[in-house]
Amino acid sequence: MTRPPSAGWVDVDIEAIDHNIRTVRAELGDHVEFCTVVKADAYGRWIG
């Protein structure tokens, strides 16, 4: 089974991501490493 072709786009608010990272960094401090995940609403769809 092959996945059907699809078209799409992503709008990313870099300023919002930057703000969120700075907010978390201010709470954690510089000595803590953390990883961020940017994702959609988690309702992907595949029709096969």
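Of the 48 residues in the protein, buried residues make up 0%, where buried means under 20% relative accessible area, exposed over 50%, and partly exposed in between (1.4 Å probe, protein chains only). The model is predicted, so that local features need pLDDT of at least 70 and side-chain atom pairs count only at pLDDT 80 or more, while totals for chains, interfaces and linings use all residues. Residues are numbered from 1 along each chain as its sequence is written, and side-chain values use heavy atoms, with hydrogens and water left out.

The accessible surface comes to about 5,100 Å², and 56% of it belongs to carbon and sulfur atoms; such areas come from the Shrake-Rupley method with a 1.4 Å probe, and for residues only the protein chains shown count as cover.

The protein has one helix and zero strands, these being DSSP runs numbered from the N terminus (helices H or I, at least four residues; strands E, at least two). Helix α1 spans residues 14-28, and within this helix D18 and R22 are four residues apart, which means a separation of about one helical turn. D18 forms a salt bridge with R22, the closest N and O atoms lying 2.9 Å apart. The structure holds one such salt bridge, defined as a side-chain nitrogen of Lys or Arg within 4 Å of a carboxyl oxygen of Asp or Glu. Of the two partners, D18 is partly exposed at a relative accessible area of 36%, whereas R22 is exposed at 58%.

In the segment before α1 lies V12, a partly exposed residue with a relative accessible area of 45%.
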